[in-house]
Amino acid sequence: MKLWQGRIQADTDAQVNSFNTSLPFDQRMYSADITGSMAHAKMLAAQGIITGEDAESILAGLTSILKDIETGVLTFDNDSEDIHMFVEEELTKRIGDPGRRLHTARSRNDQVALDLRLYLLKEEEELIALLRQLIALLAEMAEEHAEVVMPGYTHLQRAQPITFGHHLLAYGEMFLRDLERLQQCMARTKVLPLGSGALAGTTYPIDRHMVAEALGFTAVSRNSLDGVSDRDFAIELAADLSLISMHLSRFSEEIILWCSWEFKFIELDDAFSTGSSIMPQKKNPDVAELVRGKTGRVYGDLMALLTALKGLPLAYNKDMQEDKEAIFDAVDTVKECLKTFTPMLSTIRVLPGNMRKAAAKGFINATDLADYLTKKGMPFRSAYKISGSLVGWCIAHDTVLEDLPLDFLKEQSELFEEDVYEAISLETCVKGRTSYGGPAPDQVKMQAAQLSDRLADL
């Protein structure tokens, strides 16, 4: 007989029971459920709602259940409806009537809301730790490659010269924002719903702030209806995870391009590549492709959560059981991606010569040629036209701007002097971009140091 069988007398249909149960996926919250119940029991005793003796029995029983689950002595009974019922039923088996008093002044509605918050807070801590590792690696690699010239792209066309370190730091900024968002999400997750009851609070003289302090929460929910029906924290986390996935996917796409023979800017370590079953020459970037592919899965989890909540009246509805599989999957997927992506990135072999060669053939110093004329007094639009015409001539004659004779340049404008070749060398072009946040090596080194400092401050 189920613990909630009061008005309902008939046994639940077997198919309904299978359809209704959430234990196969919410069992992972066992530690959160037990931790929350312990704090609740202590509060009940402190408020005189249950006796101290009953509280001691409950705490001892819950401690033994936690130990037995973690050691494998106790396995989950799929006949239980959910993790909350499983723990309560097991507790009652072990300690009798005191176990039946644990649920005083609470409902499964506020209990599950608490469990989910506690569980996700732990997962968010792990996600932040994984992001820290990736950001620290990017800062280190950017410092190492601060002077490696490569083409920067717009529209996937070579555009202007940058450095590999500068490119890496762009992702460092993205992932640092992701880390900040997760921290902000954690702050909003640390709001205690327990004490909201099913929807209308309780008549017992509970102390919600005591429970909040015991569990490390910084606030209690101000409205009991909102306390049990709020899943914004899960949706916000799913949105944050979607952004992390998007950033990982963009990075993966570039890695896939860079390790192709058409680019060959980097080479992946064999440990993070696979071969072909038929083509022996192949070295495939499967890790990066999977990270890119799993992004759609995380997006789907976010949409599932938004859709499940979009039409629900207050307060709790069984639809909300659908929140867990989606947010659990999003968390698991992003954690797995980070755990694999970071070591893959740390083992790549950078090929500076190929990057420099690609930069030289892309006319990415054309803007610098126009700037050269502008600094000598020519209006920018006039300089832009001359530079573009010279690029067209070079393409038609299979040459580059640096190799054009000075006499030929002077036919286009008398402002050209011998110093033009120094002005349009790729190294000069990069070093001259000293504006804050730019790709000049000194700027990149400063940005890398700042990234490390900002990471340490978070």
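Modeller: Happy to! Let us start with phenylalanine 251, which counts as buried because its relative accessibility is 0%, and the cut-off for buried is under 20%. Please keep in mind that this is a predicted model.

What does the ring of phenylalanine 251 pair with? Its partner is tyrosine 171: the two ring centres are 4.0 Å apart and the planes meet at 5°, so the pair is stacked. Now look at where the two residues sit. Tyrosine 171 belongs to helix α8 (residues 164-189), while phenylalanine 251 belongs to helix α11 (residues 232-258), so the pair ties together parts that are 80 residues apart in sequence. Tyrosine 171 counts as buried too, because its relative accessibility is 4%.

This pair is one of 11 aromatic pairs that a search of the whole structure finds. Another of them joins tyrosine 30 and phenylalanine 76, with ring centres 6.2 Å apart and planes at 55°, so this pair is tilted. Tyrosine 30 lies in helix α3 (residues 30-46), and phenylalanine 76 lies in the loop between α4 (52-71) and α5 (83-95), so parts 46 residues apart in sequence are tied together here.

Are these two residues buried or partly exposed? Tyrosine 30 has 19% relative accessibility, so it counts as buried. Phenylalanine 76 has 23%, so it counts as partly exposed.

Lysine 264 lies over the face of tryptophan 261, at 4.4 Å from the ring centre. Likewise, arginine 381 lies over the face of tyrosine 384, and here the distance from the ring centre is 5.3 Å.

Finally, step back to the whole chain, which has 20 helices and six strands. Its radius of gyration is 30 Å, well over the 23 Å that the globule rule gives for 458 residues, so the chain is more spread out than a compact globule. Along the principal axes, its C-alpha atoms fill a box of roughly 100 × 55 × 40 Å. Buried residues make up 51% of the 458 residues, and tyrosine 171 and phenylalanine 251 are among the buried ones.

Notes. Residues are numbered from 1 along each chain as its sequence is written. This is a predicted model: local features need pLDDT of at least 70, side-chain atom pairs count only at pLDDT 80 or more; totals for chains, interfaces and linings use all residues. Side-chain values use heavy atoms; hydrogens and water are left out. Rings of Phe, Tyr and Trp (its six-membered ring) pair if their centres lie within 6.5 Å; planes under 30 degrees apart count as stacked, over 60 as edge-to-face and the rest as tilted. Helices (H or I, at least four residues) and strands (E, at least two) are DSSP runs, numbered from the N terminus. Buried means under 20% relative accessible area, exposed over 50%, partly exposed in between (1.4 Å probe, protein chains only). A charge sits over a ring if NZ of Lys or CZ of Arg is within 6 Å of the ring centre and within 35 degrees of the ring normal. The radius of gyration is taken over C-alpha atoms; the globule rule is 2.2 Å times the number of residues to the power 0.38.
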